[in-house]
Amino acid sequence: MKQALIVIDMQNGFLNPESPLCIKGARATVPACARVIAACRAAGVPVVFVNRAYRADGSDVEHTRYEVWARGGKPLTPGSTGPLSVENPPEFGRCGTDYEVIKPRYSAFFRTELDLILRRLGVDTVVLTGTTTPNCIRTTCYDGISLDYRVVVVEDCCSSNTEEIQRANMRDMENVGAEIIGSGLFLERLGAQ
């Protein structure tokens with residue numbers, strides 16, 4: 001088994017309460033995500049940051065999100081800084097071996113080079129972390145399974161706007177074949193390799 005860690009949309013524009021796109025549970029997952037990222041780097045597991053960035057004119061913003069985006073200060077535009085920015089939390093750092101993929105929609109696989117990168121690296125298992133569980137994590141999970149990857153979702157490194165939404169989506173992903181585990185067990189297994 002060769003795995004890669006996929007860190008989805010852990011950007012200020014989704015983490016900061018000042019952003020109209022903020023996911024309520026996302027900021028609380030930063031410490032667990034940071035531990036998992038650091039451990040993966042130390043173990044030689046590829047780390048892929050899959051981020052969202054919108055054009056300043058909004059021409060690539062999802063139609064379902066456009067109005068909130070436009071009224072809310074146009075978060076996640078290239079070069080942005082501060083609470084509405086495309087930046088990942090400083091706790092994550094960046095390493096020269098990390099990969100970054102910019103996605104145009106919810107799934108990390110949809111119209112991106114992620115599948116090509118993973119196949120070139122010989123990866124057969126994707127470990128999903130990030131936000132938001134019902135949208136980006138779930139669609140990436142389903143697409144990963146459709147592409148024949150083994151999918152592991154690190155539950156306490158993912159977030160939703162409510163606990164009810166979080167639980168329901170984790171249950172649904174588990175029912176289609178994803179493995180749902182906590183960061184403690186993930187780190188324990190990583191250390192045993």
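Predicted model: local features only at pLDDT ≥ 70, side-chain atom pairs only at ≥ 80, totals over all residues.
Visitor: How many disulfides does a search of the whole structure find?

Guide: The search returns zero disulfides.

Visitor: What makes C95 buried, exposed or partly exposed?

Guide: The relative accessible area of C95 is 33%. Buried requires under 20% and exposed over 50%, so C95 is partly exposed.

Visitor: Which class does C136 fall in, buried or exposed?

Guide: C136 has 2% relative accessibility and therefore counts as buried. C136 is also one of the buried residues of helix α5 (residues 133–146), which are T133, C136, I137, T140, C141 and G144.

Visitor: Which residues of α7 are buried?

Guide: S183, F186 and L190 are the buried residues of α7. Their arc around the axis is only 60°, which means they sit on the same side of α7. E188, G191 and A192, on the other side of α7, are exposed. The partners of the buried residues of α7 are β1, α2, β4, β5 and β6 (179–181).

Visitor: How are the axes of α2 and α7 placed relative to each other?

Guide: The axes of helix α2 (residues 30–43) and helix α7 (residues 183–192) come within 11 Å, crossing at roughly 10°. Angles under 35 degrees count as roughly parallel, and therefore α2 is roughly parallel to α7.

Visitor: Which residues make the contact between α2 and α7?

Guide: From α2 come A32, R35, V36, A39, C40 and A43, and from α7 come S183, F186, L187 and L190. By class, this contact of α2 with α7 has eight nonpolar, one polar and one charged residues.

Visitor: What makes the backbone at D9 worth a remark?

Guide: D9 is not a glycine, yet has a positive phi of about 55°. Most residues other than glycine have a negative phi. D9 is in the loop between β1 and α1 (12–15). The relative accessible area of D9 is 2%, so D9 is buried.

Visitor: What is the phi of D148, and where does D148 lie?

Guide: D148 takes a positive phi of about 70° although it is not a glycine. D148 lies in the loop between α5 and β5, just after α5.

Visitor: Why is D148 put in its accessibility class?

Guide: D148 has 69% relative accessibility. The cut-off for exposed is over 50%, so D148 counts as exposed.

Visitor: What is the omega of the peptide bond from T131 to T132?

Guide: Omega is near -5°, and this peptide bond is cis. Most peptide bonds are trans. T132 has its place in the loop between β4 and α5.

Definitions and conventions:
Residues numbered from 1 in each chain as written. Heavy atoms only, no water. Axes fitted to C-alpha atoms, helices over the stretch in contact; angles between N-to-C directions. Helix = DSSP H or I, 4+ residues; strand = E, 2+ residues; numbered from the N terminus. Parallel < 35°, antiparallel > 145°, perpendicular 65-115°, else oblique. Contact = heavy atoms within 4.5 Å. Nonpolar A, V, L, I, M, F, W, Y, C, P; charged D, E, K, R; others polar. Disulfide = S-S within 2.5 Å. Buried < 20%, exposed > 50% of the residue type's maximum accessible area, 1.4 Å probe, protein only. Arc of directions from axis to C-beta.
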